[in-house]
Amino acid sequence: MNDEIFPKHYESWKSCITQKCKIPLTEEFIKNRISILADEDSIERSKFIELYGLHWTNTVISYFKQSLNNI
């Protein structure tokens, strides 16, 4: 996977989200994303997996959890 598209490390991912995408990692946003991406019945999760694969989905969930721990 390309590190530009799929950051290999939490700090790279966080920079992508907060600086490139200008999305603040608020507690509410993080909890919402974890809830959606972890819900096996979620259409959004299914689409995310279809686009990026299960491995990347699980990686993103772990990055969101790490963000939540850093708040």
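**Aromatic residues and a bent helix**

Tutor: Start with W13 in this predicted model: its relative accessibility is 3%, so W13 counts as buried.

Student: Is Y10 buried or exposed?

Tutor: The cut-off for buried is under 20% relative accessible area. Y10 has 7% relative accessibility, so Y10 counts as buried.

Student: What separates Y10 and W13 along helix α1?

Tutor: Residues three or four places apart point the same way because an α-helix has 3.6 residues a turn. Y10 and W13 are 3 residues apart in helix α1, so their separation is about one helical turn.

Student: How many aromatic pairs does a search of the whole structure find?

Tutor: Ring pairs count if their centres lie within 6.5 Å. Over the whole structure, the number of aromatic pairs found is 9.

Student: What kind of aromatic pair do F6 and W56 form?

Tutor: Planes over 60 degrees apart count as edge-to-face. The F6 and W56 rings are 5.1 Å apart centre to centre, with 80° between the planes, and the pair is edge-to-face.

Student: How many residues apart in sequence are the parts that this pair ties together?

Tutor: F6 is in the segment before α1 (10-20), whereas W56 belongs to helix α3 (residues 43-69). Both F6 and W56 are buried. The pair therefore ties together parts whose separation in sequence is 50 residues.

Student: Which residues form one aromatic cluster?

Tutor: W13 and W56 are among the members.

Student: Where does α3 bend?

Tutor: A straight helix of 27 residues would span 39 Å at 1.5 Å a residue, but α3 spans only 26 Å between its end C-alpha atoms. α3 has a bend of about 110°, located at G53.

Student: Which residue caps the N-terminal end of α3?

Tutor: A side-chain oxygen of the capping residue lies 3.2 Å from the backbone nitrogen of E44. The N-terminal cap of α3 is S42.

Student: With which residues is T57 in contact, leaving aside its neighbours within four places in sequence?

Tutor: T57 is in helix α3. Its relative accessibility is 0%, so T57 counts as buried. With neighbours within four places left aside, the contacts of T57 are L37, R45, F48 and I49.

Student: What covers the buried residues of α3?

Tutor: The buried residues of α3 include R45, F48, W56 and T57. Their cover includes α1 and α2 (27-38).

Notes. Residues numbered from 1 in each chain as written. Predicted model: local features only at pLDDT ≥ 70, side-chain atom pairs only at ≥ 80, totals over all residues. Heavy atoms only, no water. Phe/Tyr/Trp six-rings, centres within 6.5 Å; stacked < 30°, edge-to-face > 60°. Helix = DSSP H or I, 4+ residues; strand = E, 2+ residues; numbered from the N terminus. Buried < 20%, exposed > 50% of the residue type's maximum accessible area, 1.4 Å probe, protein only. Contact = heavy atoms within 4.5 Å. Expected span 1.5 Å × (residues − 1). Bend = angle between axes of the 7 residues up to and from the residue. Polar contact = N/O pair within 3.5 Å; in protein donor to acceptor, adjacent residues only side chain to side chain.
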